[in-house]
2 protein chains.
Amino acid sequence: MSISEILGSCPVPLSRYERITLGHGSGGQLMADLIHKLFVPAFENETLAALEDQATLDFGGNGERLAFTTDSYVVKPLFFPGGDIGSLAVHGTVNDLAVGGATPLALSAGFILEEGLEVEVLTRIVKSMAEACSLAGVRLVTGDTKVVERGKADGVFVNTSGVGSVPAGLRLSISSARPGDRIVLSGTIGDHGVAILSVREGLAFETAIESDSAPLHELTRLMLEACPSIRCMRDLTRGGLSSAVHELALASGVGVRLDERAIPMKPQVRAACEILGLDSVYVANEGKLMAVVPAPDAEALVEAMRRHPLGRDAAVVGEIVEAHPRYVVMLSSVGGERVVTRISGEQLPRIC
Amino acid sequence: MSISEILGSCPVPLSRYERITLGHGSGGQLMADLIHKLFVPAFENETLAALEDQATLDFGGNGERLAFTTDSYVVKPLFFPGGDIGSLAVHGTVNDLAVGGATPLALSAGFILEEGLEVEVLTRIVKSMAEACSLAGVRLVTGDTKVVERGKADGVFVNTSGVGSVPAGLRLSISSARPGDRIVLSGTIGDHGVAILSVREGLAFETAIESDSAPLHELTRLMLEACPSIRCMRDLTRGGLSSAVHELALASGVGVRLDERAIPMKPQVRAACEILGLDSVYVANEGKLMAVVPAPDAEALVEAMRRHPLGRDAAVVGEIVEAHPRYVVMLSSVGGERVVTRISGEQLPRIC
């Protein structure tokens, strides 16, 4: 079967559910259904409908724009190799600002605590958040705490929202990709998801696998300095590389062609994915991003990224194509092409 | 015993807990402990330490300031007379911006959904949020959805954060109250808390008691126009009028003297408080505020407020005094004075 025949036979995803499933929080098709069929029509405005990782708003009248984003964190377990819910909540929101080209300015924290939570656990989380804020150069300026009865939450949930400043004239958008553009990845994929899953499942690997959770705002600043032609950036969280390129393909009305051999992955993560039966393109990351850039600037961008520790494994991993708009195709490492379908339900619940 | 003898014998509140209790989310002394002993020292910055209902930040360089606030909503039940978790989440965050003198611009929404939640319930909540946004003139511009397993949350929790614009030169602060200032209340107290509790307990009163949940940004705009000398405003949510005046007394280092006879209350709310054994000064409101204003301007402010439907019962209910700094005293309706202690634990869990 040719790619176009396969594409023609792709099933229409189910969208009629009477009850919320774990899959509705997956970053995949079910979540997209909820967004496109419920949230976007209900709240009806262009800023929300653009579905960027951050909203940008006019503010102050001097051309500088305000970036605004929110994320709740329900990761399980609360502490994992390479991080915890506190540092993750800071990095995730900083990154949602950074990939919009914003300098993160300030965060809020909303805690939902379960009655009976050890104060010591909360203290460790708060200290980790404070340290992450300090390293990322943002201040946590406002907050809220709610407590619910035992059994009505799971330890701690944290919401962080963030505001940042987008320089005048800069407009990154996932709807701006054009055929011929290159897709650049900042580093290895799958680290965060595999780290969470291995601790959750009690798996031990020869080399410890740590989450890649990290703040990307310095990397994005260097990228935009080195390569002002960047069309857009996105961090690769729930749904992994796949969800990010699918959202790009849909928003820009283009096709995406990935080269599996070019996608960086740590050997132990690759091995763990094989053992656990995971496809790495769907696995969440918390310190990785992709950028779309006109082809002539791609190599210069990769070189600039490699000079930063969080971009040292940067690589061109794919391109934007005119063929098969809204579909993602992968040139496999063993030859041949396959369609990367958008993940439907949930591969790894509560990954962030 | 004289007031000063009573004050001298006030017990020091317990602050050493090993586990989080419902009281830590109460808006009372336990929550204050968490804020003052954990959050403020950990995140160490002046904006957070000011403990206003909203942070204000320099942005854009033209004098206009950015207001930023967050609140999570865990109210139970999700639907109650006069509102639901969706409208409440919009009003609460709009009000936290409004009492800082900000024009609300945009909101975010972070949903934490329990697996198994009926999609129809979520749809009703989202539609209610959208309607509340539309009536309040704010756009909901960015969001996030997480799903946790059955039994790991309680239906729906919603976080709304908000950004707004504070005009150049306006600096309201709860640390700015001065002896002689008057405390003005915008209307009747206790409606929200009693409405929630009556539906939760299955109580029926002759006249239905509805939540006062409402957006206060138009009222605050009129107030600031009519009375630019306003020192500060605060909406009366968890912990009710008591927590608001206690926070004021602490932040400004002043005493507060309330006049019980002047505090507006609906007869059915008064009756319900008596039946339920509630002290109305501790009961939550979601559409009421207090303002502190220099004495000569108090009557003009009350008159201006009464011209707006949400301020029609506005009244001067107390004053700032030099005596007993950081304490709140109530001139009782039967004569005599009593100390209003800050609520310690939780009178009504999950009120908002």
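Start by selecting A:Glu149 and B:Arg350: their side chains meet in a salt bridge, 2.8 Å from N to O. (A salt bridge is a side-chain nitrogen of Lys or Arg within 4 Å of a carboxyl oxygen of Asp or Glu.) The count between chain A and chain B is 10 salt bridges.

Before you click on, know that this is a predicted model, where local features need pLDDT of at least 70, side-chain atom pairs count only at pLDDT 80 or more, and totals for chains, interfaces and linings use all residues. Residues are numbered from 1 along each chain as its sequence is written, chains are lettered from A and ligands numbered from 1 in the order in which they are written, and side-chain values use heavy atoms, with hydrogens and water left out.

**Next stop: the two chains together**

Colour chain A and chain B separately. The contact takes 79 residues from chain A and 79 residues from chain B, where contact means heavy atoms within 4.5 Å. The two chains bury about 6,800 Å² between them, with 68% of it on carbon and sulfur atoms. Buried area here is the accessible area (1.4 Å probe) that two parts lose on being put together, summed over both.

How are the copies arranged? A rotation of 180 degrees, with 0.0 Å of shift along its axis, superposes chain A on chain B (RMSD 0.0 Å). The two copies are thus related as by a two-fold rotation axis.

**Then: inside chain A**

Select 65-166 for domain 1 and 182-340 for domain 2 of chain A; the bounds come from an automatic or database domain assignment. Their centres, taken over C-alpha atoms, are 24 Å apart. Between these two domains about 1,600 Å² is buried, 61% of it from carbon and sulfur atoms. On the domain 1 side, show A:Pro81, A:Asn95 and A:Val99: they lose the most area to domain 2, together 33% of what that side buries.

**Last stop: the cysteines**

How many disulfides turn up over all chains? The search finds 0, a disulfide being a pair of cysteine sulfur atoms within 2.5 Å. Take A:Cys273: the nearest cysteine sulfur, that of A:Cys352, is 17 Å away. A:Cys273 counts as buried, at 5% relative accessibility. (Buried means under 20% relative accessible area, exposed over 50%, partly exposed in between, with a 1.4 Å probe and protein chains only.)

Conventions. Copies are superposed by least squares on the C-alpha atoms of residues with pLDDT of at least 70 in both.
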